[in-house]
Amino acid sequence: MSTTQSERLRELLEPLVTSQGLDLEEVAVDSVGRKRVLRVVVDSDAGPDMDQIADVSRALSAKLDETDAMGDGEYDLEVGTPGAERLLTEHRHYVRATGRLVKFQLAEGGDLVARILTVDDEGLDVEVPGVKGRRAAGRRLAFPEIARARVQVEFNRKDKKEEEA
């Protein structure tokens, strides 16, 4: 059974990332000119802070230095968090996106933009924003109904702390 370099790197690095209290979301090796770049994306329920990113970066660098997982050539290690418009692929991603506006591509066709209210093992409850003076409407989405989901960037949304004040 053949495994890709990214899969081998994931097996090597995931225990280190989890030991730091983070989830390993993505491992990718890209060529940029003559250099190779190892991109590692980590996340947590609270969102990792800069100190956690630095700590995990040092741990991963040390582990990679003691193995030949990246081969003999030079490479750069980049450790970061998911982008603002992250794709939701795991149950934990939906939980972390609670309160966020998400664009859903539905399995039966069509798109739906809605705010995630709650998430359970079977699916999620969402609020579809009202349009042209109409009230927002609640809707239940089971996970099999969702073909793809991506968090949307909101520039005008008030923070929950601001709303409570």
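**Reading the contacts and the sheet**

Author: Arg10 and Glu14 sit four residues apart in helix H1, about one turn of the helix. Helices (H or I, at least four residues) and strands (E, at least two) are DSSP runs, numbered from the N terminus. This is a predicted model, in which local features need pLDDT of at least 70 and side-chain atom pairs count only at pLDDT 80 or more, while totals for chains, interfaces and linings use all residues. Residues are numbered from 1 along each chain as its sequence is written, and side-chain values use heavy atoms, with hydrogens and water left out.

Reader: What do Arg10 and Glu14 form?

Author: A salt bridge is a side-chain nitrogen of Lys or Arg within 4 Å of a carboxyl oxygen of Asp or Glu. Arg10 and Glu14 form one, with their closest N and O atoms 3.7 Å apart. The structure holds 18 salt bridges.

Reader: Which parts does the pair of Arg92 and Asp23 tie together?

Author: The closest N and O atoms of the salt bridge between Arg92 and Asp23 are 3.6 Å apart. Arg92 belongs to helix H3 and Asp23 to strand E1, so this pair ties together parts that are 69 residues apart in sequence. Asp45 and Arg96 also meet through their side chains in a salt bridge, at 2.8 Å from N to O. Asp45 is in the loop between E2 and H2, and Arg96 is in helix H3, so that pair ties together parts 51 residues apart in sequence. Salt bridges with shared partners join Asp23, Glu25, Asp43, Asp45, Arg86, Arg92 and Arg96 into one network.

Reader: Is Ala97 buried or exposed?

Author: Buried means under 20% relative accessible area, exposed over 50%, and partly exposed in between (1.4 Å probe, protein chains only). Ala97 has 3% relative accessibility and counts as buried. By contrast, Asp45 counts as exposed at 65%. Ala97 lies in the loop between helix H3 (91-96) and strand E4 (101-106). Contact means heavy atoms within 4.5 Å. Neighbours within four places in sequence aside, Ala97 is in contact with Leu88, Ile116 and Val151.

Reader: In what order do the three strands form the open sheet?

Author: Two strands pair if DSSP finds at least two bridges between them. Here the order is E1-E2-E3, with mixed pairing. Strands E1 (23-32) and E3 (75-80) are at the edges, each with a single partner strand, so one side of each has no neighbour in the sheet. Between E1 and strand E2 (residues 35-43), the pairing is antiparallel over nine bridges. Glu26 has Val41 as its bridge partner in E2.
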